[in-house]
Amino acid sequence: MTQAETTPQHVYIEDAAPFDGQRITVKGWLYHKRSSGKIRFVVVRDGTGIMQCVASLADVGERVFEDIDRMTQESSLIVSGTVHAEPRAPGGYELTLESLQIVQIAEEYPITPKEHGTAFLMDHRHLWIRSRRQHAILRIRHTIVKAIRDFFDERKFTLFDPPIFTPSACEGTSTLFETDYFGEKAYLTQSGQLYGEAGAMAFGKIYTFGPTFRAEKSKTRRHLTEFWMIEPEVAYLDLDGAMDLAEDMIVFIMDRVLTTRMEELKVVERDVSMLERIKKPFPRITYTDAVDILKKNDIPFHWGDDIGGDEETTVSNQFDRPVMVHHFPAAIKAFYMKRDPQDDKLALGFDMLAPEGRGEIVGGAQREDDLDLLLKRIHEENLPEEAYDWFLDLRRFGSVPHAGYGLGLERTVAWVCGAPHLRETIPFPRMMSRLKP
Ligand code: 4AD
Ligand code: MG
C-alpha cells in the first residue's frame, strides 16, 4: 500500500466535527501532555484549535509511548487516529491515537504556564503569539478586518490603496517619520486620506486599508508607531453622512464578531454583554456638550483645549455605546477640515469614542472643498504648498462636498477584546521602545 492509502486525510482541528467516527490525521505542535498509568493524553494544537489525543499502551505500543515521553512542549508532531465527540475534551472532540510521528523535538520552550513579565513576553512575541489569549485576539483581528472589507464591499466601495512613501504630512508635522528617498525627503504615510480624496473624486466612494506611521513619542497604551487604518472617503457626503456610515460600520463589525468569534471572546474572558448593547443609534454630542460633561465631572478644562485620553474616558463613560463628538474648535483640528458655515471657529469634524474608557477609535470630517480656503489653511499651518499641489488640483477640477473618516484597527480590536494595551492587538507591535522582534 502507498503512504496515501495508509495515512488518513489531514484535517484541521476546527474542521473535525464532520469526521466524527472516522480516522483522520492532525499536524501540529505539542500543547501539553499528561499521563495516567498506561494512558497518555497528548494535547495537540494546530493553529485552528486544540485536540486531546488519547493513547493506550495496548493500542500504540512501547515505541509510541517512549516518543510521547520524550516530547517537549511545542515539539512538532503528526498524529493519526479516530476522532469522536467528547463533550469533556477541550474543543468537544477527542482522537484515539493510532500513530504518532515526531517532526522535531523542541528545545526547552521559554514560555511556560508560569507568569512572565510583559517585557519578556514582548521579547518573545514570535512565540507568544502561539499562546491561547494572543492567538484568540489575532483571530478576532482577522475577523474584524474581514468584516470591514465586507461592509464596504457590500456597499460597492472601491478598495483604493494609497502610497506609503509620501512627500507631505496629513496629520501634523510633529509625528512624521522621515526617510531619504534618493536624495529627496520622504515621509512614511500618517494617513491615506489625501489620496483617498483623489480616489473619491475618481470612483465616488472608496476605502483605503493599510499601515500608517506616526512617530509617537509618548508611551501610552493607546499609541503605536505603526498601526492599520481603514479610511472611507465619499464624494457628495457631509458630516452627518460620515457619522451615519461610521455608526453602521461599527454595528456591522460587532454583529460579525458576536456571531463568529464567541469561542475566542470566551478565551479572552470578554464580557460580551458590553458588546451586545452596541446598537444604533449612537449618541451624538457637540464638543461644547463634551466640555459641559467634563465640567460637571469637576475636570479642569477650557473650551478650546484638546480632549486628551483621560478626558475622553470621562466623556465616554457617560454612555453605554460609542459616542460621537462633533463640531470641534477648528484651531485644534487638521487643516483639511471644513469650517462650520454658521460659525467659523468650528470645524465639521467628529471623533467616535468607544465605551469602557477606550477613547477615540474613529476620527473623521467633512473636507474643505474650496480652493482658496484650503490654500489659506495650508499657509496658516506653514505647510509647504508645493507638496500639496496635486491635492489642490482636486479643488480645481470638479470640487464637490465630501467627507470620510479613519478607523484605527488596533484600537477597535483592543476594545472588542477588552485588551488593556494595543501591543496585544497586532502580530508585531511597533512602539517607541520596540523594534524587535
Ligand atoms: O484621528 P486621526 O489622526 O485621523 C486621521 O488620520 C484622518 N486623516 C482620518 C480620515 O479622516 N481619513 O486617526 C484616525 C484613527 C484614530 O481615531 C485612532 O483610532 C487611530 O487612527 N490612531 C492610532 N492608533 C494607534 N496608534 C496611534 N498612534 C494612532 N493614531 C491614530
Ligand atoms: Mg483623531
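The structure holds two cavities of 30 Å³ or more. A cavity here is a set of points, on a 1 Å grid over the protein atoms alone, where a 1.4 Å probe fits but cannot get out. Lining residues have an atom within 4 Å of a point. Grid points are joined across faces, edges and corners, and a volume is the space filled by probe spheres set on the points.

This is a predicted model: local features need pLDDT of at least 70, side-chain atom pairs count only at pLDDT 80 or more, and totals for chains, interfaces and linings use all residues. Residues are numbered from 1 along each chain as its sequence is written, chains are lettered from A and ligands numbered from 1 in the order in which they are written, and side-chain values use heavy atoms, with hydrogens and water left out.

The largest cavity has about 60 Å³ of space. Its lining consists of Thr166, Ser168, Ala169, Cys170, Thr189, Gln190, Ser191, Leu194 and Tyr195. By class, that makes four nonpolar residues, five polar and no charged. Ala, Val, Leu, Ile, Met, Phe, Trp, Tyr, Cys and Pro count as nonpolar; Asp, Glu, Lys and Arg count as charged; the others, Gly among them, count as polar.

The second largest cavity holds about 30 Å³. Ile307, Glu312, Val325, Phe328, Asp351 and Leu353 line this cavity. Four of these are nonpolar, none is polar and two are charged. Strand 13 and strand 15 (343–354) each supply at least two lining residues.

Now step back to the whole chain. The protein has 14 helices and 17 strands. Both are DSSP runs numbered from the N terminus: helices are H or I with at least four residues, strands are E with at least two. The C-alpha trace spans about 85 × 55 × 40 Å along its principal axes. Of the 437 residues, 52% count as buried. Buried means under 20% relative accessible area, exposed means over 50%, and partly exposed lies in between (1.4 Å probe, protein chains only).

Next come the open spaces. A pocket is an open set of grid points with protein on both sides within 12 Å along at least five of seven lines. The largest pocket contains about 1,100 Å³ of space. It is lined by 43 residues, and the closest to its centre are Glu171, Arg214, Lys333, Glu360 and Arg411. Strand 16 (359–366) gives the most to this lining, with five residues. Other elements that supply at least two residues each include strand 11 (226–235), helix 11 (309–316), strand 17 (402–408) and helix 14 (409–417). The lining divides into 18 nonpolar, eleven polar and 14 charged residues.

The second largest pocket has a volume of about 750 Å³. Among its 28 lining residues, Ile111, Thr112, Pro113, Ser131 and Arg132 are the closest to the centre. Strand 1 (23–36), helix 3 (118–123) and helix 5 (132–154) each contribute at least two residues. Strand 1 has the largest share, four residues. By class, the lining has nine nonpolar, ten polar and nine charged residues.

A cis peptide bond joins Lys280 and Pro281, with omega about -5°. Pro281 sits in the loop between helix 9 (273–276) and strand 12 (284–286). The bond from Lys436 to Pro437 is also cis, with omega near 0°. Pro437 belongs to the segment after helix 14.

Two residues other than glycine have positive phi. For Glu269, phi is near 55°. Glu269 lies in the loop between helix 8 (262–267) and helix 9, and is exposed because its relative accessibility is 71%. For His327, phi is about 55°. His327 lies in strand 13 (residues 323–329), and is buried, with a relative accessible area of 17%.

Which residues make the nonpolar surface patch of about 390 Å²? Phe165, Tyr181 and Phe182 do. Phe182 lies in the loop between strand 8 (178–181) and strand 9 (184–188), and is exposed at 78% relative accessible area. Patches are made of residues with over 30% relative accessible area and no salt bridge; like charges are joined within 9 Å, nonpolar side chains (Val, Leu, Ile, Met, Phe, Trp, Tyr) within 5 Å. A salt bridge is a side-chain nitrogen of Lys or Arg within 4 Å of a carboxyl oxygen of Asp or Glu. Accessible areas come from the Shrake-Rupley method with a 1.4 Å probe; for residues, only the protein chains shown count as cover.
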